[in-house]
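Me: I am new to this structure and would like to learn how to read it. Could you show me one feature at a time?

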Amino acid sequence: MAKYILKRVLLAILTIWAVATLTFFLMNAVPGGPFLSEKAISPAATKALEAKYGLDKPLSQQYLTYMTDALHGDFGDSLKQRGRTVIGIITMKFPVSARVGGISVLVSLIVGVVLGCVAALKQGKFMDGLISVISTLGIAVPGFVICTLLMYLFGVKLRWLPTLGLTSPKHYIMPVAALSFYPTAYIMRLMRSSMLDALGQDYMRTAKAKGLSGKKQLFKHALRNAILPVVTYVGPLLAYTVTGSFVVEKIFTIPGLGGEFIGAISGRDYTLIMGTTIFLATLIVVMNVIVDIVYKIIDPRIKLK
């Protein structure tokens, strides 16, 4: 187990380095620079700004300097938000995105697992058909369409929920619903298929023959084995939640990290782009490592290589 964990940690570090390196060189390969959008700025002022932020140095030297500083937790200063550090922006904005994303993940897992089990236990009946229709719509309809429909129906027409900001519990309802709709639908289908497979296994017939109660059959035997594919999906789910929240935050005007990242891309704020990318990549990779370890704990039969 320890050897496997060490291997996964080393691969995680290599992945983060690869993402950071690729982002750095692709970003610098784009024509133009971060100061082109400045109004009435002279060539001398541009050169002064480039010298201040080290952008006048050779690309290889910029890369080595940046990666060395990043290893010490220093992502530099924002090129557009003068006087603010990248780590300061991330520290201030990420908790907002984490709250929305964390609630969305919990909602997706709870609702998806429960409805998936219900669909499997009610196979061929009305409830199974209804859940299948909902899951198909959730997978087929893009997230921004869900955001627009929720905003129009509950925010504009019925006026039940606020559409902008994140200042009260009511403000969370539509962003969380929009962000969790697709993963909930996917987990419902995944759980239904996995539960049907588990219910047809020999160990379920043996459990029934031993006289175990229906609850013990379902939770101790069927659910424990059927939920393994859902645990595997937690890693991609976190990745989807992190990236999908950018669109949701933009539509509902949520002051999270997503808006800062999109603004950094449009404004060519190189240091903020790099810092945010490394931070999010690290978060996703670490969560995937944790999921792999939890997967082994849930099912000891899995061989780690």
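Me: How do the residues of the lining of the largest pocket divide into nonpolar, polar and charged?

Reply: Start by sorting the lining by residue type. In this predicted model, the lining of the largest pocket has nine nonpolar residues, eight polar ones and four charged ones. The lining is made up of 21 residues, and the space in this pocket is about 430 Å³.

Me: Which residues lie nearest the centre of the largest pocket?

Reply: Look for Tyr53, Thr65, Tyr66, Asp69 and Thr271, which lie nearest its centre. At least two lining residues each are supplied by helix H1 (2-29), helix H3 (59-71) and helix H12 (270-298). H3 gives the largest share, with five residues.

Me: Now for the rings. How many aromatic pairs are there?

Reply: The count comes to nine aromatic pairs.

Me: Are phenylalanine 25 and tyrosine 63 buried or exposed?

Reply: Here the relative accessible area decides, and buried means under 20%. Tyrosine 63 is at 13%, so it counts as buried. Phenylalanine 25 has a value of 36%, so it is partly exposed. Both belong to one aromatic cluster, formed by Phe24, Phe25, Tyr63 and Tyr66.

Me: What about cysteines: how many disulfides does the structure hold?

Reply: The structure holds zero disulfides. Cysteine 117 counts as buried because its relative accessibility is 12%. Cysteine 147, at 0%, also counts as buried.

Me: Where does glycine 116 lie, and which residues is glycine 116 in contact with?

Reply: Begin with its place in the chain, then look at what surrounds it. Glycine 116 is part of helix H4 (residues 86-121). Its relative accessibility is 0%, so glycine 116 counts as buried. Setting aside neighbours within four places in sequence, glycine 116 is in contact with Met188, Met191 and Arg192.

Key
Residues numbered from 1 in each chain as written. Predicted model: local features only at pLDDT ≥ 70, side-chain atom pairs only at ≥ 80, totals over all residues. Heavy atoms only, no water. 1 Å grid on protein atoms, 1.4 Å probe; cavity = no way out; pocket = protein on both sides within 12 Å on 5 of 7 lines; lining within 4 Å. Points joined across faces, edges and corners; volume = space filled by probe spheres on them. Helix = DSSP H or I, 4+ residues; strand = E, 2+ residues; numbered from the N terminus. Nonpolar A, V, L, I, M, F, W, Y, C, P; charged D, E, K, R; others polar. Phe/Tyr/Trp six-rings, centres within 6.5 Å; stacked < 30°, edge-to-face > 60°. Buried < 20%, exposed > 50% of the residue type's maximum accessible area, 1.4 Å probe, protein only. Disulfide = S-S within 2.5 Å. Contact = heavy atoms within 4.5 Å.
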